[in-house]
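The questions below take a reader through one protein structure. Each answer ends on what was asked for.

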Amino acid sequence: MVVLVNRAKVATATAGTGAITLGAAVTGFRTFADAGVVDGAVVRYVIEDGPANFEIGTGTYTASGTTLSRVVSESSNTDAAIPLSGTAVVYVAATAADFLPLAENVTLDDTDLAVAVATNMQDFANKTDGALLRARGTGFTSTYAASVTVGGTTFAQPAVKGEIASDLGYFPIDYAGATGVTVATGATSVYVYIDSASNLQQQTTEPTRQDWSRKMFTMRISVNTVTGNILGFEYLANPIGHYANSTRDFYEFVLAAGLSLRKGQDVTGRTDNLGFNVGVGSGFEYGGTGDIHNPNIKSFDAVSNAEYDLLERVDIAAQNQTNLVKFWDNAGTITPLGSGTFVGHRLYRFSNGQFAIQYGQGNYANIVLAKAGAPIEEYVLNTRLEKATFFGWWFIGQTATVTSGAPTLTAFKKYTIGIT
């Protein structure tokens, strides 16, 4: 594309048909450099030499020596370079080639356009709305319900539609869905996404801010790195036009602070064993539930005698547990509770509903000391729980037989902001 500048007109002493050496500005005008033409720029020029000789073309401006090459497009010399006399003037100008032709002279390729019949207002509105998605960002336009095989190695990703609009371009997404997909191994978190070619992919590194706009993430799967088995999953789908990376960043900071993003889901003990119940409620997760109309809130039914995965600092100790354990994490060594002592285990929940408990890392003489000490332990958290919702502490004594009706032996302490 040629460079156009204002009021650049100079004399030239060049003779012949070769490159032009640009001279001083004509009175009332500016030199090419003063008008803003830079070295190497291609300009549209016009040469006038006497009343009848003219030449129009493009030329490359060279600051050193102040010269202009000549590629002729039209001239009074049968469209060839005119022989200059040494007294010509040359200036930058816009010509007919620099303006778009009238619309009736344009052939329009509508292959990738949303074209609507002018007499059908509903069709026009629908297609205009679809075209606007290109400017609304990366995300989903369809609802889906993903599933994983907890304790197994496969997951199902249903069909999804959406858009990717990133720095790499615009891509309409239409993924057909798949079942029995083997989860990747080698990391505690596997991020599942649809790429710009509508293919299902997995990555074991945490997505960057660029990844969130260049890929359509559907879920994060938590994996036991020792066995390769799936522990649970959470949705990561963000609906189009509703969210930006800044909102996701804020959510990540809140989650990293350990704040409990839940409503209801009250935890209570049992009178028949060392298990626990969890009431009906909901939780907040960025990107939501696979439902583009309810993107943040995950609803949960009540759970009786909840099953949980038992975690140590690094590894998973056991799965499908129900009774609270009478052991504590003694600087990395799992140790039975001593006579009459207490521990405060930490209770978490993934957004797919799966519970997890990590061993308490302190041993206390009574439940009062345990309630005071557990929240201020220099706790080493298993990285699998970094994105799970923290519920609070389950305190249990060495002689406990039930989790309800024996307040001096067991108790649940709900986590709230500012708890001491």
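Q: How many bridges join β13 to strand β14?
A: The model is predicted: local features need pLDDT of at least 70, side-chain atom pairs count only at pLDDT 80 or more, and totals for chains, interfaces and linings use all residues. Residues are numbered from 1 along each chain as its sequence is written, and side-chain values use heavy atoms, with hydrogens and water left out. Strands are DSSP runs of E with at least two residues, helices are runs of H or I with at least four, both numbered from the N terminus, and two strands pair if DSSP finds at least two bridges between them. Strand β14 covers residues 169–175 and runs antiparallel to β13, and the bridges that join them number seven.

Q: Which residue in β14 is the bridge partner of G162?
A: A hairpin joins β13 to β14 through two residues. In β14, the partner of G162 is I173.

Q: Which residue in β13 is the bridge partner of G139?
A: Strand β10 (residues 139–140) pairs with β13 in the antiparallel sense, over two bridges. In β13, the partner of G139 is E163.

Q: Why is strand β13 largely enclosed by the rest of the structure?
A: Buried means under 20% relative accessible area, exposed means over 50%, and partly exposed lies in between (1.4 Å probe, protein chains only). Strand β13 spans residues 160–166 and is largely enclosed because, of its seven residues, the number buried is five.

Q: Which backbone nitrogen does the side chain of S198 reach?
A: S198 sits in the loop between β16 and β17 (200–203) and is buried, with a relative accessible area of 17%. Leaving aside neighbours within four places in sequence, S198 is in contact (heavy atoms within 4.5 Å) with P172, I173, D174 and Y175. At 3.2 Å, the side chain of S198 reaches the backbone nitrogen of D174.

Q: Which backbone oxygen does the side chain of Q361 reach?
A: Q361 belongs to the loop between β30 (355–358) and α5 (367–373), and its relative accessible area of 13% makes it buried. Not counting residues up to four places away in sequence, Q361 touches R313, W328, D329, E377, E378, Y379 and V380. At 2.9 Å, the side chain of Q361 reaches the backbone oxygen of V380.

Q: Which residues are the closest to the centre of the largest pocket?
A: On a 1 Å grid over the protein atoms alone, a pocket is an open set of points with protein on both sides within 12 Å along at least five of seven lines, a cavity is a set where a 1.4 Å probe fits but cannot get out, and lining residues have an atom within 4 Å of a point. The largest pocket has a volume of about 470 Å³. Of its 26 lining residues, the closest to the centre are L255, L381, L385, E386 and K387.

Q: Which elements give two or more residues to the lining of the largest cavity?
A: The structure holds two cavities of 30 Å³ or more, and the largest cavity holds about 130 Å³ of space. Of the 17 residues lining the largest cavity, the closest to its centre are F284, R349, F350, S351 and T389. The elements that give two or more residues to this lining are β23 (281–284), β24 (297–300) and β31.

Q: What percentage of the residues in the protein is buried?
A: The protein has five helices and 32 strands. Of its 420 residues, the buried share is 45%.

Key:
Polar contact = N/O pair within 3.5 Å; in protein donor to acceptor, adjacent residues only side chain to side chain. Points joined across faces, edges and corners; volume = space filled by probe spheres on them.
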